[in-house]
Each structure stands twice: as C-alpha cells, then as structure tokens.
Amino acid sequence: MALLYHVTLDELVDFDLEVKEIQDVIQRTSEETQQKIDWTKMWADKYPVLATYQQTVQTENYTETLRALLARLRQDYGYNRQDAFLVLKDILAQIWNNQP
C-alpha cells in the first residue's frame with residue numbers, strides 16, 4: 001500500500017485523517033489570507049491565557065532578550081527575520097517537549 005500511494009511505511013502506519021485535513025487547509029491558504037487572520041484571537045479560544053496575558057505580563061521585560069536571540073540567529077546562520085523567528089519558535093517547542 002505504501003508503494004501504491006507513494007508514501008513511506010511510517011507515514012502509512014501513522015496516518016491521521018484529521019491531521020492531514022488540517023495540513024491540506026494550511027497548504028491551500030494563501031499568505032495574503034493568513035495575514036488577515038487574528039491568530040492570537042483564534043488560539044485564545046483554546047488557550048485563554050493568550051487573551052489575557054497582555055494585561056498582566058510586562059512583555060517589555062522580555063523583548064530585548066528575545067530580540068538579541070533573534071539577532072544572534074540571523075547573524076550566526078544568515079537567517080532572514082521570519083526564518084530566525086521560526087527557528088526560535090521551534091527551539092522553544094523543543095524545550096517544552098523535553099520537560100519532565
């Protein structure tokens with residue numbers, strides 16, 4: 001079956017229709033449309049902290065440190081702004097996933 005559908009055996013075994021549908025929607029959504037979406041508001045429905053943290057967290061206490069990390073990624077690896085941001089996001093996700 002994997003050969004028939006041109007996928008790896010791992011992809012065939014781990015296939016999840018809901019995940020595939022979400023991936024397809026993301027691929028079909030234009031950059032212009034994505035820019036119109038208020039992602040924070042959308043995710044706040046699932047994670048309410050995203051709708052309220054701005055009133056309690058002094059974000060300016062963190063911006064310089066994060067800007068420095070982004071600048072370092074850009075300098076060390078030649079990433080553009082978006083790629084540096086995506087790499088930093090992924091680093092944070094790795095830290096999250098590796099917590100006990």
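The model is predicted: local features require pLDDT of at least 70 and side-chain atom pairs count only at pLDDT 80 or more, whereas totals for chains, interfaces and linings use all residues. Residues are numbered from 1 along each chain as its sequence is written, and side-chain values use heavy atoms, with hydrogens and water left out. Helices (H or I, at least four residues) and strands (E, at least two) are DSSP runs, numbered from the N terminus.

**Nonpolar surface patch**

- A nonpolar patch on the surface is formed by Trp39, Met42, Trp43, Tyr47 and Val49, which together have about 550 Å² of accessible area.
- Patches are made of residues with over 30% relative accessible area and no salt bridge; like charges are joined within 9 Å, and nonpolar side chains (Val, Leu, Ile, Met, Phe, Trp, Tyr) within 5 Å.
- Accessible areas come from the Shrake-Rupley method with a 1.4 Å probe, and for residues only the protein chains shown count as cover.
- Helix α5 (residues 39-44) supplies the largest share of this patch, namely three residues.
- Methionine 42 is found in helix α5 and has a relative accessible area of 47%, so this residue is partly exposed.
- The exposure classes are buried (under 20% relative accessible area), exposed (over 50%) and partly exposed (in between), with a 1.4 Å probe and protein chains only.

**Packing of α7 and α8**

- Two packed helices are described by the angle between their axes and the distance between the axes.
- Helix α7 (residues 60-77) packs with helix α8 (residues 81-97) at an angle of about 115°, and their axes are 9 Å apart.
- Axes are lines fitted to C-alpha atoms, for helices over the stretch in contact, and angles run from 0 to 180 degrees between N-to-C directions.
- The two helices, α7 and α8, are therefore roughly perpendicular to each other; angles under 35 degrees count as roughly parallel, over 145 as roughly antiparallel, 65 to 115 as roughly perpendicular and the rest as oblique.
- The crossing in which α7 passes α8 is right-handed; a crossing is right-handed if the near helix is turned clockwise from the far one by less than a right angle, and left-handed if anticlockwise.
- Glutamine 82 lies in helix α8 and is exposed, at a relative accessible area of 52%.
- Between glutamine 82 and glutamate 60 there are 22 residues of sequence separation and 21 Å in space, C-alpha to C-alpha.

**Salt bridges**

- The count comes to five salt bridges, each being a side-chain nitrogen of Lys or Arg within 4 Å of a carboxyl oxygen of Asp or Glu.
- One of them joins aspartate 24 to lysine 20, with the closest N and O atoms 3.0 Å apart; the residues are four apart in helix α3 (residues 17-28) and so separated by about one helical turn.
- Aspartate 24 is partly exposed at 28% relative accessible area, and lysine 20 is partly exposed at 35%.
- Glutamate 32 and lysine 36 form another salt bridge (3.9 Å, N to O), and both lie four residues apart in helix α4 (residues 31-36), about one turn of the helix.
- Glutamate 32 is exposed at 57%, and lysine 36 is exposed at 65%.
- Aspartate 76 pairs with arginine 72 in a salt bridge whose closest N and O atoms are 3.3 Å apart.
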